[in-house]
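Welcome! Please have a look at the structure first.

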Amino acid sequence: MTVDGLHRPGPAPSSSGPAPGAGPMMAVGEAAATSAAVVLERLDTTASGLTSPEAARRLALVGPNAVRTHRAQPWRILGRQLRSAVLILLGVTAFVSFFLGQRTDTVVIGVILLASVGLGFVNEYRAERATDALHSKVTHVAVALRDGHPVEVDVTTLVPGDVVRVALGEVVPADLRLLDSTGLECDESVLTGESQAAAKTGVPVPAGSALGDLTSSAFMGTVVGAGSGVGAVVATGARAEFGKIAAGLGDRQPETDFQAGLRHFSVLLLQVALALTVLIFVTNLVLQRPLLESLLFSLAIAVGITPQLLPAVVSTSLATGSKQLAKRKVLVKRLVCIEDLGDMDVLVTDKTGTLTEGRITFTTALDPSGAASDDVLRLGLLSTETAPGESGAGSVGGNPLDAALWEAPAGRGAVTVAGWTRLGLLPFDHSRAMTSAVVASPDGVARLVVKGAPETVLARCTDVPAVAAATLQCQFAAGSRVVAVAARPAGGLTVPTPDEERDLALAGFLVFLDRPKAAAAASLQRLARLGVTVKVCTGDNPLVAEKVCADLGLVSGGTLTGVDLAGMDDDALTAAAETSTIFARVSPEQKARLVRLLRRRGRAVGFLGDGVNDALALHAADVGISVDTATDVAKDAADVVLLEKDLSVLADGVTEGRRIFANTIKYVLMGTSSNFGNMFSAAAASAVLSFLPMLPSQILLNNLLYDASQLTIPTDNVDAEQLRAPSHWDIGFIRRFMMFFGPISSLFDFLTFALMLGVFHAGPELFRGGWFAESLATQTLVIFAIRTRRSPFTRSRPSRPLLLAALATVAVGVALPQSPLSHLLGFAPLPLTFLLALVGMVVGYLALIELAKRVFFADPEGRLPHIRRRGREHQVQRRAARFSTASPLTP
C-alpha cells in the first residue's frame, strides 16, 4: 500500500516531545488532533518512511521499542539469593561470633552458607540463560517503510518517525498516527477494557479527546480486528500508552499464577519460621544460654525451614521441560507458556488438518437433482481466484478448495475452459462467504458466476428446485464439504460487486471430501483423560462438522452456528458455550468472542488455529497454539508452535506442563512435612536439654545436603492420575498437610532423642551425630512416599536420578559422624547398634507416613481445587512479552 496526497516536507526540528537530543516524537493525543501532514513534519519524516541510517541513529537515541528485558542478569540473581533477611542476619551474627572466639563454628557456617547460596545461584542463572536463549530465538516483526520500500523489521527496532503497515490479526507495534486506513478496526480491550472493536480513520479528532476517542490513532499492543492501515510511529516503548501501563507493572517478565503461588507459600513458611525463631530465642535466653549461641541456633532453624532452593527447582523444571517439549515437536516462545499448557482445560480447535487429514480432494460436481454435471465443474473452475489458463493454477493462493478443484483429474483437462475469459473478479471474504466472477464464453456471452457457502448462495437464487435441498442434505450427511455454484447473464457487467450477487439461478454443487484423521480419535481420548474439553470451531457446515466428530467418537453437547451466536447476548452465549461442542459457520470475530466468554467462566482456554482469521482468537486465548506451516500472522500471534498439526503432540505439551507442577509440589510438600517436623523437634528439644540438640553449623549442613538432593526432583516420574486435571496452588491445603504430617516426623525425632539419652547415654557430640543422621535420612527418604498417592516402588517408581541422589544424601549423612571430619563438625562416631536401630526407625517412619497418607487423601479437603482468576493485568503482561529485548531498557 502506498500513501498519496500527503505533504512531504524536508527535515524540520521537533517542537515537542522529550528533552533535546532524544529525537522527534509526539504525544499520541496531540498527534491524533493534528493533521497527518503536520505530524509527519513534526516527526522529521515523510510518508515514505525513514532511511535506514536515520532509523539506526534514532534507535541509538531513544532506545529499543520494548517494555520488558529478558537478559540474564547475574547480579540480580545473586541479589535474590541474598535477599533473605534471615540469611543476612545469620551471616552478620556468625561474623560477630568469629571475633568473639567461636572461629571454627563460624568458618563452617560461612562455608555452608556460601555453598548454599552458590548452589541456588548456579541453578537459577543456568535456567535464566535458557530463558534468555529462548526469547532471543523469537522475533516479532512489523512491516515498515525504510528507504522507500516495505521491509520486515523487529518490532523492538521501530522508532518515532517510522511509517508502518498493519493488517488483520496483527498487534499494533507502537503508538501510530494513522495516515491511511481501509475498514480498520482495533481491539483496544488491553487498554480500555472495552470488548467492542474501535473503528479507525485518518481524520483528526478534536483536541483534548479521551483515549478511547482517538480514532485517528492506533495504539501499541492493540489487535487489528478488521481492515488495514498505514501509520507514522509517534511513541515507542514505555512512552507509548500501552508501554506506560506495562512499565508500571515492572520491567521483568510477568509473574505467573505458578510463581505467585510460590511467593504465597514462601510467605507462609516465613511466618512459621519467624514464630519458631522468636520462641526458640526467648526460650534459650530464659535458660540463660549464651546470647550469640542462642541467636545463631534460632536463625539456623529459620534457614532450615526456608526452602532456599525452591526457585532453583522451579527454574530447572521449566528449562528441562522446554527441552523435553522441543524433542516432542512442541516449541514454546516463553518458559511460562509451559505452565499455561498444563493449566489448559478447554481446547478450541479448527477441524481441518486437526480432526481431518487436511488434504481436501474434489470428488464430483452435481446438478440440483444430484446428477453429475461437467457444466457445474466448468463454472466452478472459472470462478476460482486463479484466472483460467494461468500458470500454476493448481496452487490457488492459499484457498484449499480451489486448489483441490484444479488438482482433480477433471480440472486438469477433462473439462476444458479453453476459450473462456474472465472479465472481472470479486474475491472471497468471510462476511459474504462467496467468490464472484464475470466470465465470457467462447461465443462472447458474458455470465456472472457466484460460488460459495450453500446457504448464502441459495439465499440469492430464485426458483431453487425443491430437489436441491435433498441433494445438499445427502452430501452433508456423508460428511462432504459442499460449495454451491449459481449464475446469471452479466448484462453488461464487467467487475462484480456485492450488490450484483442477486437474482441467480442455481447451477449445482461442487463436492469435496476431507477424511477424518486416523489418529485423531486416539488423540481426543488422550486429551479427555487429561481433563481437556475439546470444542470444534469451524467455518464448515454444521452437519459436516457433526459427522466428522461422530466418526471420531467426540460426543457432541450441541451445535451452534454463527447465526445463533449473533443472536445471543454475552450471558446467554457464555452459558450455551459451556455445554456446546461444535461452533459452525463462525466468523473470526465470533471465534475470539467465544474464547473470551469461555475464559470468563474461569476456564483456562487454549485455541489452536493456523490462518490469518484465527489471529484474533489466538490473542484472546490463555494460550494461543499454532503450527509450523501456519500463516506468519497466526504463528506471530501464538504462544506455542507445533511442528506437527496433531492433537497428540499438543497432549504431550499439556502433560509436560502438569508434570512440572506435580514435581514442584513434591518439593513443597516435603518441606512442609519432614523438614518442618525436624525443625519443630529442634525447637522443642532446645527447651528441655541442657545443651543445643544440634549446632547451627550442623543445622545448615543438614539443610544444604537435603536441598542438594532435591535438585533431581524435576527428573521424577509422575503418576497418570496426577495429570488428569490441572492443579493449582492452595495455601490452605499446604497448611493442612504441614500440620498433619509434620508431627509424625517429630514423633520419630523424639524417639531418637529417647534412644540416644536412655539407651546410649549420649553426650552432646554423640547426640548431635545420631540426630543429624536420623533427621537427614527421614526428611530425604520421605520423598518416596510423598511423591505419589500410590504405594511407592511397587506401583509408582521414582526416576533413577532422584533415587540415586536421595540414597547418596542419606549415605553422606550417616558417614559424616564416622569420618575424619567428625570432630570438626561437632559429631562423635555412632555405634553400630544405633545404625541398626536407625534402619528400623526409618522403615517405621515411612510405613506410618503411608498409613497417614491414605487417611489424609481420603478426605475431599485434601484435594487441590481448580481455581483460576485472571484479570486485565494478566492480558497486559502477556501482550507486553512481545516487546522484550536483551538490551537494558531506556529510562
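A salt bridge is a side-chain nitrogen of Lys or Arg within 4 Å of a carboxyl oxygen of Asp or Glu. Searching the whole structure turns up 33 salt bridges. This is a predicted model, in which local features need pLDDT of at least 70 and side-chain atom pairs count only at pLDDT 80 or more, while totals for chains, interfaces and linings use all residues. Residues are numbered from 1 along each chain as its sequence is written, and side-chain values use heavy atoms, with hydrogens and water left out.

**The chain as a whole**

- The secondary structure comes to 34 helices and 23 strands; helices (H or I, at least four residues) and strands (E, at least two) are DSSP runs, numbered from the N terminus.
- Of the 891 residues in the chain, 56% are buried, where buried means under 20% relative accessible area, exposed over 50%, and partly exposed in between (1.4 Å probe, protein chains only).
- The accessible surface is about 34,900 Å², and carbon and sulfur atoms account for 61% of that surface; such areas come from the Shrake-Rupley method with a 1.4 Å probe, and for residues only the protein chains shown count as cover.
- Take the contacts (heavy atoms within 4.5 Å) between residues at least 6 apart in sequence: 75% of them join residues at least 24 apart.

**Salt bridges to find**

- D187 and R596 meet through their side chains in a salt bridge, at 3.8 Å from N to O.
- This pair links distant parts of the chain, with D187 in strand β5 (residues 175–187) and R596 in helix α22 (residues 588–600), 409 residues apart.
- D187 counts as buried because its relative accessibility is 17%, whereas R596, at 29%, counts as partly exposed.
- K591 and D614 form a salt bridge too, at 2.7 Å from N to O.
- K591 is buried, with a relative accessible area of 11%, and D614 counts as buried at 6% relative accessibility.
- R787 pairs with D716 in a salt bridge whose closest N and O atoms are 2.7 Å apart.
- R787 sits in the loop between α30 (783–786) and α31 (800–815), and D716 in the loop between α27 (696–709) and α28 (731–759), so the pair links distant parts of the chain, 71 residues apart.
- Both R787 and D716 are buried.
- Shared partners can join salt bridges into one network, as they do for R488, E500, R502 and D503.

**A closer look at A725**

- A725 is found in the loop between α27 and α28.
- With a relative accessibility of 40%, A725 counts as partly exposed.
- Leaving aside neighbours within four places in sequence, A725 is in contact with L530 and R658.
- The C-alpha atoms of A725 and V654 are separated by 9.8 Å, and the two residues are 71 residues apart along the chain.

**Two helices that cross**

- Two packed helices are described by the angle between their axes and the distance between the axes.
- The axes of α28 and helix α33 (residues 832–858) come within 11 Å and cross at roughly 155°.
- Axes are lines fitted to C-alpha atoms, for helices over the stretch in contact, and angles run from 0 to 180 degrees between N-to-C directions.
- α28 and α33 are therefore roughly antiparallel to each other, since angles over 145 degrees count as roughly antiparallel, under 35 as roughly parallel, 65 to 115 as roughly perpendicular and the rest as oblique.
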